[in-house]
Amino acid sequence: MLTEERNLCMGCMSVLDEEGKCRCGYNEDAPTDEACIPVRTVLGGKYLVGKMIRMNGEAITYIGFDEENEEKVFIQEYMPGKIAKRSDLTGEVVPFSGYEAQYKTLMADYFDLFDTLRNFRHAEYIMPVINVFRENNTVYAVYKYIKTISYGDYLSHNGGEFTWPQVKKLFMPLFTTLTYLHSNGFVHRGISPESIRVNAKGQLLLWGFGTVALFSKDSVIEPNLSAGYSAPEQYSAGLWQGEWTDVYSIAAVLYKSLTGTLPADAESRKEVDHLCPPEELNFNISSEVSDAILNAMTVNGEYRTRSIDDFTAELLESASSNTKLFGAVEEQEIKKADEEYFEKEEKTEKGRKKVRLPWGVIATLIAMAVLLGLVTFVFRFTEILGFGNNPNHTESSGSEINES
């Protein structure tokens, strides 16, 4: 269904000016990928489709507008281009001959995935899924629109790396959310600086969700693996994936955040493991944090840190792996830890610096010393001339001076 009723820019869903233009510069007449839905199509009876903003081997994401609630949204369409195409006549997604069964199975997995995300009630730090529905022989997932930038861009804008206190404050809430997802049997598998978004408050949000097929090399669809961040088992069909897969990826993101260096690719590490310890790239990283990251990025999943709880405990040098420590009171815990860290750093820094007085203070002290020496000299000089011991000398009062 197409509509021309709304005077909205299909590039950003903002209202057009009187001349029908938008500051974002989107050109609706520019050619688009044939796999994409035509702009101004309405889905689900109320979602106006705008331009495509990202595409991978499993889905296409568009900017959209909810005409019923009068708000922007993101619309993600199941569209595995390797095994299906869009019909020019009906707009439906049609599997290629011989891939009907795989298409149907993966579409069911896709629906279940986003239906599960839609029903999560305590995952605060994920991009919220507000609707999932079937149409055009495919599935559409609708995200709430939140203005964000990728964590990769955020990191670049801030010099390419962060200190450990900064990383800790940023990531602990996200760790809590990951633990919640894992406890509900959900594994992301695609964690990277691009699938982590940063909102206006500086909070990290997860998105970029997909099925197992999207994040496995030997897949019927085009895989979406991130060099340096995807775990070794994602490159081998015979290896199990689980919580430890997300542990590897989030540890790799911390590696990049603290060192400014992309971690060695997991697939190449299976042949020769040349991952450099973080503390050797940044001497400000403690051995404990460096070891925790290396343990979480162990190539063999059986020997890798098994859960986000365990990873958190190692990072914070805690004997407990209960992430409730970083739940409701996490801000107080983190603030206290940060204060202790900075206090320690300040003392260390003071110990390294020499005590130096300002030149003004030094000049004043010299002048006082000279004046004191002069006074002492005058006093001694008067004693030598005898004024100090003259018995006939009497001290004049103030009245005598006035009368004379």
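Predicted model: local features only at pLDDT ≥ 70, side-chain atom pairs only at ≥ 80, totals over all residues.
**Figure 1. A hairpin of three residues joins strand 2 to strand 3.** In general, strands of a sheet pair through backbone hydrogen bonds, and the pairing may be parallel or antiparallel.

**Figure 2. Strand 1 and strand 2 form a hairpin with three residues between the strands.** Leu43 stands opposite Tyr47 of strand 2. In the hairpin of strand 1 and strand 2, Gly44 takes a positive phi near 60 degrees.

Figure 3. Strand 4 (residues 71-78) and strand 8 (residues 138-144) are joined in the antiparallel sense by five bridges. Val73 has Lys144 in strand 8 as its bridge partner.

**Figure 4. Glu34 lies in the segment before strand 1.** Is Glu34 buried or exposed? The relative accessibility of Glu34 is 73%, and therefore Glu34 counts as exposed, the cut-off for that class being over 50%. Glu34 and Arg86 are 52 residues apart in sequence. In space, the C-alpha atoms of Glu34 and Arg86 are 7.7 Å apart.

**Figure 5. Pro223 is found in the loop between strand 11 (204-206) and helix 4.** Pro223 has a relative accessibility of 25%, so Pro223 counts as partly exposed; this class lies between the limits of 20% and 50%. Leaving aside residues up to four places away in sequence, Pro223 touches Leu214, Ser216 and Lys217. Asn56 and Pro223 are separated by 167 residues in sequence, while their C-alpha atoms are 8.0 Å apart in space.

**Figure 6. Helix 4 is mostly covered.** How far apart are the end C-alpha atoms of helix 4? The helix runs over residues 243-259, and at 1.5 Å a residue it should span 24 Å; the end C-alpha atoms are 24 Å apart, which agrees with this expectation. Just after helix 4, Gly260 takes a positive phi of about 75 degrees.

**Figure 7. Helix 4 and helix 8 pack against each other.** Two packed helices are described by the angle between their axes and by the distance between the axes. For helix 4 and helix 8 (residues 308-315), the angle is about 30 degrees and the axes are 10 Å apart. The crossing of helix 4 past helix 8 is right-handed. Which residues of helix 4 meet helix 8? Val247, Ile250, Ala251 and Leu254 meet Ile308, Phe311 and Leu315 of helix 8. The residues of this contact divide into seven nonpolar, no polar and no charged.

**Figure 8. Helix 8 is mostly covered.** Six of the eight residues of helix 8 are buried. The buried residues of helix 8 are Ile308, Asp309, Phe311, Thr312, Ala313 and Leu315. Among them, Ile308, Phe311 and Leu315 take part in the contact with helix 4. The cover over the buried residues of helix 8 includes helix 3 (164-183), helix 4 and helix 7 (287-296). Just after helix 8, Glu317 takes a positive phi of about 55 degrees.

**Figure 9. The chain as a whole has eleven helices and eleven strands.** The chain holds 404 residues, and buried residues make up 42% of them. Among contacts between residues at least 6 apart in sequence, 56% join residues at least 24 apart.

Note on methods:
Residues numbered from 1 in each chain as written. Heavy atoms only, no water. Helix = DSSP H or I, 4+ residues; strand = E, 2+ residues; numbered from the N terminus. Expected span 1.5 Å × (residues − 1). Buried < 20%, exposed > 50% of the residue type's maximum accessible area, 1.4 Å probe, protein only. Pairing = 2+ DSSP bridges. Axes fitted to C-alpha atoms, helices over the stretch in contact; angles between N-to-C directions. Left-handed = near helix turned anticlockwise from the far one by under 90°. Contact = heavy atoms within 4.5 Å. Nonpolar A, V, L, I, M, F, W, Y, C, P; charged D, E, K, R; others polar.
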